[in-house]
Amino acid sequence: MSTQNPVFIPGPTNMPEVLRRACDIPTMDHRSAAFPEILHPALEGVKRVLKSTEAEVFIFPATGTAGWEAAICNTLCAGDTVLAARNGMFSHKWIDMCNRHGLKVIQIDVPWGEGLPVDAFADALKADTDHKIKAVLATHNETATGVVSDVAGVRKALDAANHPALYFVDGVSSIGSMPFEFDGWGVDIAVTGSQKGFMLPAGLAIIGVSPKAMAAIDAADLPRTFLDIRDMKKGYEANAYPYTPSVGLLNGLKTACDMIEAEGLENVFARHARIADGVRAAVKAWGLDLCAVSPDLYSNTVSAIQTPEGFDAGRIVSHASTRYGVAFGAGLGDVAGKVFRIGHLGMLTDVMALSGIATAEMVMVDLGLDITLGSGVAAAQEVYRQSAAAMALAA
Ligand code: PLP
């Protein structure tokens, strides 16, 4: 097919043409003098996106999942205790990884649709007077439920308990799209990937590491080779990788950081917030509910939309794909079949979002749901019209 619709999955996201071209470069010798001209600006760009002056950034030819693994296996020892909440598919999978590494997980189960239980974390940290908990894991944006959590609040809980645990934050579906403050929130390791806010194909696991986490690396005894930060650091010091880097993706990342900064990080966040507001207005007009239980938890990168009881939400995703060639996100794990997801992150404009909303309406009407064609589109149009008018006034 010569034409292609935008995707509305919460990553991989739509790729700007300039980034597609930046990834598509001729083969280069990764030991040549040209490579550091790509590597170092990419590392520095990520650091600025993380809002950090102190993080060291490492980029593995892998995906976000490897970023989780790099965080734990570079800083923890077999049998160490970590504190984590399970409130969606991704927090669930990170916990599963910890278990498989022989870590003891203090797991707080939270209904899917709720955020990180900051108070329960505070209680667990206060009760841990002999500091058995070595790390606290937080998923900033649960992509499965469309829930953004209070990462700063967990840092406050750590500080209030005067607890020395490391603080690891999964920002895979938030970094580069929603406010994220590595230094400001006292994050020790932030994890992300190339295929969401950075608008690239999957293939890079990106982590920012604080000086405190760097200091834990030598004492950590969990096995690692490919993901050993020490090898990567040594490599960077010699302008190289400990193995063959994904040069094209790194060039894409360098260019993505330039793009994000040219738009302005705060403007990128504001655009995501505005587009998400329009999607949420549409959901309300359809008479449907989000999986996220309260407005303070609404994610600006993905909306998980509950379908009526007894209706299989997966039908929306498959019908959209087969009839209209449009991709929405399926429900995952505990909410499989109960929600469908509209991803609204990365390279997206108001007008692109309207096409996704319009498609969702056609699909739901086709499938017999009690939705009025145009209702969600009109609600979102009103949001976008008003914000465009306000921006024009402010200009
Ligand atoms: N964490 C979150 C919040 C995610 O959304 C994802 C993927 O969608 C991951 C982790 C895993 O990342 P990857 O699929 O790049 O390994």
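The questions below concern a sheet, a residue and a ligand in this predicted model.

Visitor: In what order do the strands of the open sheet lie?
Guide: The edge strands are β10 (302–306) and β11 (329–330), each of which pairs on one side only. Strand β12 (residues 339–343) pairs with β10 in the antiparallel sense over five bridges. The order of this open sheet of three strands is therefore β10-β12-β11.

Visitor: Which residue in β12 is the bridge partner of Ile305?
Guide: β10 and β12 are joined by five bridges. For Ile305, the bridge partner in β12 is Phe340.

Visitor: Which helix lies across β10 and β12?
Guide: The helix in question spans residues 265–285 and runs at about 5 degrees to β10. Its name is α10.

Visitor: Is Arg341 buried or exposed?
Guide: Arg341 lies in strand β12, and an unreviewed UniProt entry lists Arg341 under "binding site". Leaving aside neighbours within four places in sequence, its contacts include Pro10, Gly146 and Phe328. A residue counts as buried if 20 or more other C-beta atoms lie within 10 Å of its own. Because Arg341 has 27 other C-beta atoms within 10 Å, Arg341 is buried.

Visitor: How many residues of the shell around the ligand are polar?
Guide: The ligand is surrounded by 13 residues, and the closest are Thr63, Gly64, Thr65, Thr143 and Val172. Of the shell, three residues are nonpolar and one is charged. The number of polar residues is nine.

How values were computed: Residues are numbered from 1 along each chain as its sequence is written. This is a predicted model: local features need pLDDT of at least 70, side-chain atom pairs count only at pLDDT 80 or more; totals for chains, interfaces and linings use all residues. A residue is near a molecule or strand if its C-beta atom, placed from the backbone, lies within 6 Å of it. Ala, Val, Leu, Ile, Met, Phe, Trp, Tyr, Cys and Pro count as nonpolar, Asp, Glu, Lys and Arg as charged, and the others, Gly among them, as polar. Two strands pair if DSSP finds at least two bridges between them. Helices (H or I, at least four residues) and strands (E, at least two) are DSSP runs, numbered from the N terminus. Two residues are in contact if their C-beta atoms, placed from the backbone, lie within 7 Å. Axes are lines fitted to C-alpha atoms, for helices over the stretch in contact, and angles run from 0 to 180 degrees between N-to-C directions. UniProt positions are given in the numbering used here, feature names are shortened, and annotations may be inferred rather than shown by experiment. A residue is buried if 20 or more other C-beta atoms lie within 10 Å of its own, exposed if 12 or fewer, and partly exposed in between; C-beta atoms are placed from the backbone.
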